[in-house]
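Biologist: I have not seen this structure before. Please show it to me, and then take my questions one at a time.

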Protein chains: 2
Amino acid sequence: MEKHHVLFLPHNVEILVEKGENLIRAAIQAGVHINASCGGEGVCGKCRVIIEDGNVDGGVTEKLDREDIEKGYRQACLSSVLTDLVVRIPIESEVDAGVLNLQQMPRKTARIWEMNLDDLKDKGLFMPPVEKKYLELPEPTAQDNLPDVTRLVSFLKATHDEHRLVVELPVIRKISDVLRQSHFTVTATLARPVQSGRKTQIIHIQPGDTTSRNYAIAVDIGTTTVYAQVIDLITGDVLAQFGDYNGQISYGEDVISRIIYTGKPGGLDKLHEVVIATINKLIKKVVKKARIDPDEISAITMAGNTTMTQLALKVNPKYIRLSPYVPASTLYPPIKAVDLGLSLGDHVTALVYPAISSYVGGDIVAGVMGSGMYRAEELTLFMDIGTNAEIVIGNKDWLACASCSAGPAFEGGGIKFGMRAAKGAIEDFSLDPVSLEPMNITIGNVRPKGICGSGLITIAATMFEMGVIDNQGKFNRDLNTSRIRETDGIYEYVLAWKHETQIDRDIALTEPDLDNLIRAKGAIFSGCVTLLEEVGLRMQDIDRIFLAGGFGSYVDLEKAMVIGLLPEIDPHRVRFIGNGSLMGAKMSCLTNRIRKDVVAVTKRMTNFELSETRSFMANYVAALFLPHTDMDQFPKLKARLENRSNMQKVLGKNGHAPPTR
Amino acid sequence: MEKHHVLFLPHNVEILVEKGENLIRAAIQAGVHINASCGGEGVCGKCRVIIEDGNVDGGVTEKLDREDIEKGYRQACLSSVLTDLVVRIPIESEVDAGVLNLQQMPRKTARIWEMNLDDLKDKGLFMPPVEKKYLELPEPTAQDNLPDVTRLVSFLKATHDEHRLVVELPVIRKISDVLRQSHFTVTATLARPVQSGRKTQIIHIQPGDTTSRNYAIAVDIGTTTVYAQVIDLITGDVLAQFGDYNGQISYGEDVISRIIYTGKPGGLDKLHEVVIATINKLIKKVVKKARIDPDEISAITMAGNTTMTQLALKVNPKYIRLSPYVPASTLYPPIKAVDLGLSLGDHVTALVYPAISSYVGGDIVAGVMGSGMYRAEELTLFMDIGTNAEIVIGNKDWLACASCSAGPAFEGGGIKFGMRAAKGAIEDFSLDPVSLEPMNITIGNVRPKGICGSGLITIAATMFEMGVIDNQGKFNRDLNTSRIRETDGIYEYVLAWKHETQIDRDIALTEPDLDNLIRAKGAIFSGCVTLLEEVGLRMQDIDRIFLAGGFGSYVDLEKAMVIGLLPEIDPHRVRFIGNGSLMGAKMSCLTNRIRKDVVAVTKRMTNFELSETRSFMANYVAALFLPHTDMDQFPKLKARLENRSNMQKVLGKNGHAPPTR
């Protein structure tokens with residue numbers, strides 16, 4: 001991909017971006033504020049910049065007159081980078097870089113963690129659960145009329161040193177015709193046992209040599225979304241991936257409402273059917289996208305939280321939501337895919353990730369397995385943040401886990417203008433420290449409809465660092481801006497005015513929103529602290545953080561540390577593992593070692609019911625501040641705030657520091 | 001059952017029979033001939049006897065005048081024994097006991113072999129494949145909120161020393177509700193592995209204590225008939241048994257025509273569905289008869305010939321009938337009963353007997369296992385005679401088997417008036433050596449409709465010993481009886497005249513019938529001889545004979561030896577094992593040892609394709625005589641024939657020897 005340098009003036013900050021990058025997004029990456037409240041759709045017209053050198057595509061609108069355009073003025077939100085650029089932020093858009101350089105630390109620095117397939121191969125661990133063997137069998141004669149199955153098994157024994165073979169009924173049903181249609185040259189698919197010495201199953205037989213085509217499907221069953229991948233079991237590559245909303249969404253947004261739905265007559269069957277239908281839809285899509293023959297799919301692996309897993313297996317999840325929160329089972333035997341209603345061959349077995357407890361499910365176990373955390377020396381904090389945040393702490397020697405009910409704030413729930421991370425959601429934000437005017441960046445660069453979880457964190461963190469809100473999430477009543485106002489006794493900050501939005505209402509962040517956010521992040525942070533205390537450790541002992549889940553992958557690390565959602569740690573020691581559940585499902589397609597290890601791992605992983613621990617409540621109350629009552633846990637932030645406080649003493653409130661040159 | 005002595009005069013032969021026994025059947029058991037060609041329905045009126053002492057029920061008909069009745073005359077075929085009796089055969093019915101005492105050796109002497117359950121228990125082998133355990137689990141608390149399955153498994157480990165437990169999906173699906181509806185007191189059903197060290201599956205969970213109710217279904221899937229039993233797995237008793245025609249009969253009488261039918265579109269599915277429907281019907285009946293709750297059925301075992309087994313499993317049997325006669329498989333994995341369409345709980349596994357080859361099937365293996373032949377010291381000849389006769393020879397050290405195509409003669413096929421063993425079939429027979437008048441006894445004591453297999457053997461043997469037919473099955477043209485006649489160039493003996501039958505035609509035995517019989521018995525005998533020769537032995541080395549199958553159970557041993565179907569052996573060394581297939585199925589419900597042993601037995605059992613052996617054809621040709629070309633193999637018969645020949649020289653043809661007193 002072609003890249004270009006963009007130099008922002010007067011800040012004199014240069015950044016390297018991909019050709020075609022939106023200019024306002026380039027600015028926020030550079031830590032340069034440009035006023036923009038409409039989210040990037042060109043409605044508010046505030047993001048005027050001057051292109052002093054180079055060319056952009058677009059940015060010419062009716063908000064600019066002919067003269068401006070000739071001077072090089074463009075609307076940044078509608079401009080994309082074509083060449084190296086020199087961009088000047090005109091005086092009306094210029095901001096205090098002296099404050100903003102606090103943000104100059106690269107954002108989203110954490111690397112996306114990716115499994116190293118070559119490494120797996122080097123270690124001899126690339127061993128998919130299913131394997132194909134091409135066989136040229138001797139044809140039967142009157143003197144050698146062994147049963148077809150016996151012929152196959154004997155040949156595998158004699159020529160491939162395969163022992164303890166069992167042949168499944170679907171193979172028995174088709175073997176005779178397959179052998180004879182291909183003159184006894186066939187490909188047998190062998191399902192490997194998890195433990196050596198156990199039986200290898202012959203699950204499929206095909207005419208001719210199909211050994212070059214062997215695939216698996218990996219599925220992550222999320223409460224909201226379901227993802228499926230086609231994995232090439234010969235190369236280890238992901239050939240296609242698709243995601244879609246879990247069809248169960250119509251029956252309740254979260255796990256609890258789904259469980260309640262299963263209490264209705266036919267409810268369990270319905271939710272089971274609906275999620276299987278979603279998976280089948282995805283299988284169809286990925287198979288088409290990868291252009292493979294569905295008959296070549298030999299396995300399917302699945303991971304999901306405990307409730308999603310139970311619903312997929314048609315196991316009643318009723319008791320998951322009733323104290324003392326006992327799931328039916330956390331281990332699941334291999335299950336014939338067709339028995340679950342999956343549109344796959346009758347030879348395909350579904351391998352389902354085990355769970356730990358009612359609220360630490362197979363999705364988390366998949367992440368722990370797939371990320372390799374369970375084999376690492378380093379003390380790792382693994383977090384998957386959603387309505388429930390699951391936390392796992394440990395290393396190769398021990399693992400402790402817990403689930404915190406964070407509430408739906410991170411998914412937009414309980415937030416006045418909260419929404420999921422979808423088109424029109426404010427996902428990024430900065431604030432002019434003088435005018436307190438916002439720069440909203442929305443998903444899809446359209447006029448805003450609301451605020452998503454990662455946007456909420458960034459907004460709160462930015463406002464907190466700028467003193468717009470205090471450490472209890474209350475707005476500074478003394479600030480000189482019309483954006484902060486009191487409506488019906490509730491203080492709020494208007495992020496976008498009515499005419500700049502898609503919803504024809506002012507979009508604001510309220511104090512109750514901030515309260516919900518603080519309680520959500522407080523629950524998660526105190527969960528981590530409590531879990532560590534239970535094993536005699538402190539936050540400072542954490543070597544690294546793995547962030548799983550869609551939300552975890554979009555969160556702005558530094559902002560998350562500012563609000564005290566994450567402990568303050570070198571961002572290079574944070575890894576985004578993305579969809580850990582899907583990664584784990586994929587990994588168990590690539591190495592049977594995972595399946596061998598996972599049972600031991602689940603036994604080793606101690607589940608803590610936080611509400612049953614002595615210290616959780618005290619830790620929670622201590623975390624109900626931004627970032628925390630104990631500022632010493634956030635030394636860098638503490639230093640910045642002290643620095644800012646000193647500057648404000650010099651400059652007065654809303655003080656305007658000179659741009660750094 | 002009350003028994004009574006019946007003394008027949010003037011023969012002075014006494015016999016002990018059950019009260020209610022038909023008098024003509026008592027006579028034939030005693031070896032006393034009474035003329036009777038109508039099969040026992042009272043039509044011919046020839047079977048007049050005088051009751052000299054005691055009382056009979058019935059026997060008074062319009063064929064007897066008042067005076068006769070007062071003298072004690074009764075029609076034997078309509079009289080049943082009420083008390084001890086003295087019965088005189090009047091002169092018109094009196095026969096040559098000098099010849100008939102050849103029959104005085106008790107017929108059907110071979111004992112019905114029955115498995116000794118106590119013996120099994122004494123040896124510690126009473127170990128059904130499924131076992132129930134009653135468990136009082138601790139209820140979960142906030143401090144102890146193990147998943148339900150983990151709670152169950154841990155408890156079994158801790159308190160019952162059960163290890164390597166896996167829990168099946170149906171149990172996971174119901175465990176939570178079952179535990180809570182019964183305050184955590186439950187009964188778990190454990191399916192035992194065949195080999196120690198393998199996993200025990202928890203297949204079912206029920207509220208409360210159901211350990212006293214644990215049942216299995218044993219099924220024999222015959223080509224013609226299907227039998228099912230309910231086995232009590234606590235006591236080992238058979239609680240109910242039912243048989244019915246295999247629903248596949250409408251699609252072809254024999255295995256070959258069924259296989260041909262599977263070649264039609266949808267044919268395999270149809271035959272599969274139809275036999276499963278038959279089994280389901282039988283399950284319903286036996287469950288009702290035994291008055292058990294179907295939910296308490298924990299296992300089903302099945303045995304059948306290779307084709308019947310494959311059809312029940314929906315495995316295409318096409319290649320069974322095509323040279324070189326290769327079946328798809330002879331070993332079958334455990335299969336979920338519901339996957340086969342069986343109306344049983346989803347926890348029930350179907351255990352299917354393995355086969356040896358296309359024509360030595362699981363029914364034979366079941367007989368070999370169930371009869372214990374595979375563990376015996378004695379060299380045993382096991383035979384199951386039907387359209388195909390399967391032969392197994394061997395002992396605990398070696399086993400050889402083969403199948404001979406006997407043709408359908410023993411099932412009434414290819415015999416002009418042949419029929420299955422059903423009501424109206426002539427099943428027993430004797431012949432007045434002077435008048436050559438017949439005594440026909442039919443199944444159900446009704447007028448004859450035809451001749452069944454066992455009847456055919458008895459008729460042929462009787463006629464041969466009396467010189468009515470020669471050793472090639474040709475009628476003696478010189479005999480003075482209207483019953484032997486030539487019709488359209490074919491010689492025949494009229495067993496019943498038109499008016500005495502149900503079919504309004506003369507029922508006769510023809511020379512082509514005899515020819516078919518000789519070829520059928522010749523194939524079987526020469527099969528045994530060939531099999532023995534292949535292992536370096538002779539007929540004389542056989543220690544004992546096991547006769548399996550419906551036909552095997554009804555055959556008159558001595559008669560079978562007379563025609564050379566069986567080798568001449570002390571009848572006490574012959575055992576009827578009845579339905580060996582059903583017995584084997586039942587046995588594998590009672591002891592897992594069978595399942596453990598059976599794979600080794602199938603490996604040990606050498607299958608011979610008789611047509612591929614060098615000597616079969618020569619042996620076959622030698623056996624196409626009554627009883628055989630080599631009379632020295634039948635020394636007792638030889639002696640009797642010589643004796644008879646000498647008598648005839650004294651008395652002339654149709655000679656009338658004096659009754660023995």
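**Strands, helices and chains**

Modeller: B:Gln229 stands opposite B:Gln241 in strand E15(B). This is a predicted model, in which local features need pLDDT of at least 70 and side-chain atom pairs count only at pLDDT 80 or more, while totals for chains, interfaces and linings use all residues. Residues are numbered from 1 along each chain as its sequence is written, and chains are lettered from A and ligands numbered from 1 in the order in which they are written.

Biologist: Over how many bridges do E14(B) and E15(B) pair?

Modeller: Strands are DSSP runs of E, at least two residues long, and helices are runs of H or I of at least four, both numbered from the N terminus. Two strands pair if DSSP finds at least two bridges between them. Strand E14 (residues 225-232) of chain B pairs with E15(B) in the antiparallel sense, and the number of bridges is 7.

Biologist: Which are the edge strands of the sheet in chain B?

Modeller: The open sheet has 6 strands with mixed pairing, in the order E15-E14-E13-E16-E18-E17 (chain B). An edge strand here pairs on one side only, and the two are E15 (238-245) and E17 (335-336) of chain B.

Biologist: How is H5(A) oriented to H6(A), roughly parallel or roughly perpendicular?

Modeller: Axes are lines fitted to C-alpha atoms, for helices over the stretch in contact, and angles run from 0 to 180 degrees between N-to-C directions. Helix H5 (residues 148-160) of chain A and helix H6 (residues 169-181) of chain A pack at about 80 degrees, with axes 9 Å apart. Angles under 35 degrees count as roughly parallel, over 145 as roughly antiparallel, 65 to 115 as roughly perpendicular and the rest as oblique. Therefore H5(A) and H6(A) are roughly perpendicular.

Biologist: Which element gives the largest share of the side of chain B that touches chain A?

Modeller: Residues are in contact if their C-beta atoms, placed from the backbone, lie within 7 Å. By that rule, 38 residues of chain B are in contact with 38 residues of chain A. Helix H5 (148-160), strand E10 (165-167) and helix H6 (169-181) of chain B each give two or more residues to this side of chain B. The largest share, 6 residues, comes from H6(B).

Biologist: What percentage of the residues in chain A is buried?

Modeller: A residue is buried if 20 or more other C-beta atoms, placed from the backbone, lie within 10 Å of its own. Of the 661 residues in chain A, the buried share is 53%.

Note on methods: Contact = placed C-beta atoms within 7 Å. Buried ≥ 20, exposed ≤ 12 C-beta atoms within 10 Å, placed from the backbone.
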